[in-house]
Structure formats: structure tokens, C-alpha cells
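Please consult the sequence and the structure shown here.

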Amino acid sequence: MASRKQAIPNDSCGFDERPVKRVKVDDERQASTSSAEPSHDMEETTGAARPSEDEDEDGLGDEVESGQSKNEPRASDLYLDTINRALLDFDFEKVCSVSMSNINTYGCLVCGKYFQGRGRNSYAYAHSIHDDHHVFINLETAKVYVLPDGYLVSDPSLEDISFVLNPSFTKASTSTLSSPSHLLKPSYDLSSKPYLSGYIGLNNIKRNDHMNVIIHSLLHIPPLRDYLLLSSFHGKESELVKRFAALAKKIWNPRLFKSQVSPHEFLQEVNRASAGKFRLEQQGDPVEFLGWLLNRLHKDMGGTKRKKSSIIFSTFQGELRVETQQVVVRPDSTGSEKPQFDIDRDIKATVSPFLFLAVDLPPPPLFQDTIEKNIIPQVSIHSVLAKYDGESAGQLRRYKCQRLPQYIILHFKRFTKNAFVEEKNPTIVTFPLRGVDFREYLDAAPTHPPTVYDLIANVTHESVAGTTRDKENTIWKVHLRAAGGGGEGEKWFQIQDLIVEETRKEMIFLGETVLQIWEQRATNANSNASMKMDVDRR
């Protein structure tokens, strides 16, 4: 190494010597397959221009020793055995643990902590010296370096770490996620625990379970899921879209180190984008969060008011016709009569787009039965959907769908506020899992796409018994249909934060459903096979 330093003069001729030096380093790389970098600091002492390739963003070069012989082991190989994959967690926000900056952040592959920079005055450099941790990965480019030497490591054994940091998918890999074959390919984490990618637990950091169920529900909608998994954003999209896509790739990653994912990074951006409306430490309403998230994603993806201007509108947007009448009070009215929908009066009809349909539940009974227990009524889904048949008598408004989307989101209005408390309606809604026909709620031409829908996601609410809503003791769960479903072998999973378990189909409708997502059945679907289940004959 001393002979190399003597070859560089101390005057201003550093520019003439640089090409020879670069060629020498490249030759050594080819001969010894070493991934060492040129010595930036030596050029700074001679006044030569610093190279820009693989240089640290904080402007501080990294000292490199490139004069090792072919028979000597690379310095990078000496430290790869110190990597501890069990401590690596790339789910949290990528900010330096010291400066709290998200610029030029590196992750220590030995302890899992994040530090800024890798130059001589950086926190990562100091950590490598003080704690004797030498292997770091750039959280943006996924390049691995050895500090304080500054070697760029290129080793096949590190590919699994890069894939966990930045998972990538192809059209071939996403095409099987909704097929039954996906259930036959379990994955395994570092502890050899099997898991099914896409159906894994989300960490409830504080009180964000109401957002976890929405995340799971949306990321199991095939068009939106595939759009996010195949995305490759490069700066022009918003941070919310980027982090939502990153979370989708982690949830569907078949090579995780642990069979759970934390949505911390995405929810931190949700907190910022919503100006603190949706926070980790505060319980909220999943329907309210869903409405905000869909509209915000649509806007950030460049969507406009036009149909199908974004993946959100092309997947969830439909059209609803609303007929209204002006209220006319008769002179002879006693004041106790309710206004009625009179066909003889002028009717004003408007067509509005919708992302989800609100469904009213019948009021719960006021009295108790003979054994002093509250009666929990049950209604069928068709009885509550009658609101949209366009013929409901005695109402000042009538609703009828003009166009149904590929995926229908139903919101069951279970909570109402009065002057004192927020009340909860415990009415149970019964529904089949497959084969719900929305034709009678649609006013469209016969050429309209199929109107038969199958359930794909079901969000339920659990709390203490009674008719008063208790936000402090609320539990949110989501039921997800696994891999397309259909037939006797159809599987459903129930996910509550980190708890993932298979559930029986007959038990799904017993909960207090708040939100459902229905998938439009394909035209070539075998409807006879889908009706074999007893639960569908309910």
C-alpha cells in the first residue's frame, strides 16, 4: 500500500495520475473479485477531484485499502458472519436513531439500528468503531458496505436481506395469488414457522387495529393489490402511495424473516397526511378511515372526477340515482303526520358517483324478553338492501343504482350519536358468502356486466354487551377469503392484529358486521359449483 501512495505526487498533477489509479483498482477487482472502492481521501490530500460514483451523500469520503493480495481474504468476508438476521426489522420508519433524519440512512445488519451517513463524521461510522459493528446496508439503494473501511460488498448470501428490504414481484408471481394453488405453497420464516403470504398478522402498535382491518381488506382486492405489487415509483408519486405499496409488498412477501409485519411506516405517513386525524394511539372508525384513504389515494395517483381516472375509481366507483321531492305541508295538517313520497309532485333525480353504499339497520328492540335478556334481532342482507330498490314507500328519497362497480363496499350503519352518548345497534345481518344478486337494486341496460357478487372481506366489531358504544374496549376483526375461494374447499381466515387463524364459514355472519367488500363474479364462473355450500342456501 505504501508503494501506491508514493506513486501519487504531492503537487497538482493528481488529475494526470487518476486514470491510471482507476484502472489499477478495476484490474484488482477483476482479479480478486473484490468490491473495494477507490481511496477518496488520498485524492483530497493531493487536490484531485473527488469521484461521484458510490460516494457518500454527506460529502465525506471513505478510506479504502485496495492493496491486498489475491490470496488474502477480503475484509468484507471477515464480517459477514456477524450479521444477525433475527434482529433485522425494516418495517419501521427509516430515520436515523440519533439525528432522526431520513436522509442517507443506513441500517446496521448486526444490531438492526438505523444511522445516517457512512463518512468519517457520520453516525454510522462512529457506530462501527465504538460498537464493533461493521456491516451496513443503504436503506434506499440496498447496497451493503463494510465500515469503517468503506468496502462495497457484493455477496450472493446477502440477497435475502435485500429482498426483505425491497421485495419485488412479477406478473407471473402475482397471477397465482388469487388461485387455489397459493394455499399449497406455504412460506417459512427464520424460526421455520410456516405462514401464508398475504394472510399474516399486523402489529397493533397502540390502538390502530381499526386501520389494520382496512389495510388487510384493501390489499386483498386483486386489481389494487397487483397494481401496488408491480409498482416501481421513482419520486413523482406521493409518500403515502409509496409507503402503501411498500406495505403491500411486505404483506405478500413469501420470504419474510418473521411471519408478521408492522404498519408503522405507513401509519406514520397517514398521521402526517391526515393532519393528525388518524393516529396510532387513538381508537377510531374504520369506515371513516376507509373513506379518507380511498379519496386520498385516488388524488395522489393523479385521479380526477372522470370515471376510471385511477385504479381506485376503476375498482370501487359506481353510480347511484337519487330521487327527491320537496316537502309540502298541507294547510289542514295536524302536525303529527309524516311527509310522504307523492308521485303526483315534481321529482328531482340526480346521479352521483359512490365508492361505498351505506345500509341502514332496523332499530333494536326497547324491551327485554321473559328471561330478562336483550333480544338480538336478525335481518337478512336483502331486507336492508331494499333501500336501493327505488320503490321504498313512505320516503322522501328513493335510491337506485345506475352502475355497479367491480367491487362493492357495503357500510352497515351500526353507530348513531345522540345528545348524550354514541349508541350501538347490535342487530345481526345474515348473508350468504357467495351468490348475492344485486340485479333488483340496479336500473341499467341488459348489457350491464354480471350482477352476482361473492364476499371477499368482512369487518366485524366486538365490544361489551349493550347498546352503548365503548371505544376503549373495542376489538376489530376481519374475515378474508383465501385464494379465490369457491366449492367445498373454500377457506376463510380471521385476522385480529397478530392473531391469524382459519375460521369456519358458518361462523362469519354471527359477528356485528360493519363493513363488507363484495367481488363481482366473472362471466365464466361455474355458478353451480359455487352453490354447493350449505351456508349459501341460507
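Which backbone oxygen lies 3.1 Å from a polar atom of the side chain of R481?

## Basis of the report

The model is predicted: local features need pLDDT of at least 70, side-chain atom pairs count only at pLDDT 80 or more, and totals for chains, interfaces and linings use all residues. Residues are numbered from 1 along each chain as its sequence is written, and side-chain values use heavy atoms, with hydrogens and water left out.

## Surroundings of R481

The backbone oxygen in question belongs to L455, at 3.1 Å from a polar atom of the R481 side chain. A polar contact is a pair of N or O atoms within 3.5 Å; within protein, one must be able to donate a hydrogen and the other to accept it, and residues adjacent in sequence count only if both atoms are side-chain atoms.

R481 is located in strand β21 (residues 475-481). Helices (H or I, at least four residues) and strands (E, at least two) are DSSP runs, numbered from the N terminus. With a relative accessible area of 6%, R481 is buried; buried means under 20% relative accessible area, exposed over 50%, and partly exposed in between (1.4 Å probe, protein chains only). Leaving aside neighbours within four places in sequence, the contacts of R481 (heavy atoms within 4.5 Å) are Y199, R434, D454, L455, I456, E490, K491, W492 and E519.

## The largest pocket

Rolling a probe the size of a water molecule over the atoms shows where empty space is left. On a 1 Å grid over the protein atoms alone, a cavity is a set of points where a 1.4 Å probe fits but cannot get out, and a pocket is an open set with protein on both sides within 12 Å along at least five of seven lines; lining residues have an atom within 4 Å of a point. Grid points are joined across faces, edges and corners, and a volume is the space filled by probe spheres set on the points.

The largest pocket has a volume of about 970 Å³. Its lining comprises 28 residues, and L139, E140, N166, K242 and A246 lie nearest the centre. Helix α9 (239-251) and helix α10 (264-273) each supply at least two lining residues, and the largest share, 7 residues, comes from α9. The lining consists of 8 nonpolar, 9 polar and 11 charged residues. Here Ala, Val, Leu, Ile, Met, Phe, Trp, Tyr, Cys and Pro count as nonpolar, Asp, Glu, Lys and Arg as charged, and the others, Gly among them, as polar.

## Enclosed cavities

There are 3 cavities of 30 Å³ or more. The largest cavity holds about 110 Å³ of space, and among the residues that line it are D91, V164, K250 and F257. Its lining divides into 6 nonpolar, 1 polar and 4 charged residues.

The second largest cavity has a volume of about 50 Å³. D91 and K250 are also in its lining, together with R243, A246, L247, S262, P263, H264, E265 and F266. Two or more of these residues come from each of α9 and α10, and α9 gives the most, with 4 residues.

## Salt bridges

The model contains 27 salt bridges, each defined as a side-chain nitrogen of Lys or Arg within 4 Å of a carboxyl oxygen of Asp or Glu. One of them joins the side chains of D91 and K250 (3.7 Å, N to O). D91 lies in the loop between α3 (40-46) and β1 (105-108) and K250 in helix α9, so the pair ties together parts that are 159 residues apart in sequence. D91 is buried at 9% relative accessibility, and K250 is buried at 5%.

Another salt bridge is formed by E288 and K277 (3.3 Å, N to O). E288 is in helix α11 (residues 286-300) and K277 in the loop between α10 and α11, 11 residues apart. E288 is partly exposed at 40%, as is K277 at 48%.

## Backbone geometry

Most residues other than glycine have a negative phi, and most peptide bonds are trans. The peptide bond from L147 to P148 is cis, with omega near 5°, and P148 is found in the loop between β4 (144-146) and β5 (151-153).

M100 has a positive phi, near 60°; M100 lies in the loop between α3 and β1 and is exposed at 57% relative accessible area. Phi of A275 is also positive, near 55°. A275 lies in the loop between α10 and α11 and is exposed, with a relative accessible area of 72%.
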